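Q: Hi! Could you walk me through this protein in plain words?
A: Happy to, let's look at it together.

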Amino acid sequence: MATKKAAKKAVKKTTKKAVKKAAKKTAKKSTRKYSPSAGKQVETEMREMKAGKLKSGRSGKKVTNPKQAIAIGLSEARKKGAKVPAKKK
């Protein structure tokens, strides 16, 4: 009786391993969505925001929202030609 249980467990383990290996082989390799230079640009914009020196485009108001600082950084990176996904509409 105990040998049957042990055999079933061994079969389950091997099938799980086989499934994991197959999943790894079929999974797409992801490429970077944002280039390292884009990340550096966002980093500098965040520093400016924290220092209180980051201003928004036309109005020239001070930026206080981190999400807005990230958006400005990505926009600047796009202008410089860094690899950044297109804006969502």
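**A chat about the fold**

A: Residues 24 or more positions apart account for 49% of the contacts in the protein that have a separation of 6 or more, where contact means heavy atoms within 4.5 Å. This is a predicted model, in which local features need pLDDT of at least 70, side-chain atom pairs count only at pLDDT 80 or more, and totals for chains, interfaces and linings use all residues. Residues are numbered from 1 along each chain as its sequence is written, and side-chain values use heavy atoms, with hydrogens and water left out.

Q: What does the protein average for pLDDT?
A: The average is 85, and 78% of the residues score at least 70. That score is the predictor's confidence in each residue, from 0 to 100.

Q: Ok, new topic. How much of the protein counts as buried?
A: Of its 89 residues, 19% do. Buried means under 20% relative accessible area, exposed means over 50%, and partly exposed is in between (1.4 Å probe, protein chains only).

Q: Which residues make up the largest nonpolar core?
A: There are 12 residues in all, among them Ala38, Val42, Leu74, Ala77 and Val84. The elements that give two or more residues to this core are α2 and α3. By a nonpolar core I mean a set of buried Ala, Val, Leu, Ile, Met, Phe, Trp, Tyr and Cys residues joined through side-chain atoms within 4.5 Å.

Q: Why does Leu74 count as buried?
A: Leu74 counts as buried because its relative accessibility is 15%. Leu74 lies in helix α3 and touches Tyr34, Val42 and Val84, not counting residues up to four places away in sequence. Leu74 and Val84 are 10 residues apart in sequence and 7.2 Å apart in space, C-alpha to C-alpha.

Q: And what does Ala77 touch?
A: Ala77 touches Ala38, Gln41, Ala82 and Val84, again not counting residues up to four places away in sequence.

Q: Gln41 came up there. Is Gln41 buried or exposed?
A: Gln41 counts as buried, because its relative accessibility is 12%. Gln41 sits in helix α2 (residues 36-51). Leaving out residues up to four places away in sequence, Gln41 touches Gly73, Glu76, Ala77 and Lys80.

Q: What about Gln68, where is that?
A: Gln68 is in helix α3 (residues 66-80). Gln68 is partly exposed, with a relative accessible area of 35%. Apart from its neighbours within four places in sequence, Gln68 is in contact with Ser56 and Val63.

Q: Where is Ala86, and is Ala86 buried or exposed?
A: Ala86 lies in the segment after α3. At 67% relative accessibility, Ala86 counts as exposed.

Q: Last one: which residues lie nearest the centre of the largest pocket?
A: Those are Ala71, Leu74, Ser75, Arg78 and Lys87, out of 15 lining residues. A pocket is an open set of points on a 1 Å grid over the protein atoms alone, where a 1.4 Å probe fits, with protein on both sides within 12 Å along at least five of seven lines; lining residues have an atom within 4 Å of a point.

Note on methods
Helix = DSSP H or I, 4+ residues; strand = E, 2+ residues; numbered from the N terminus.
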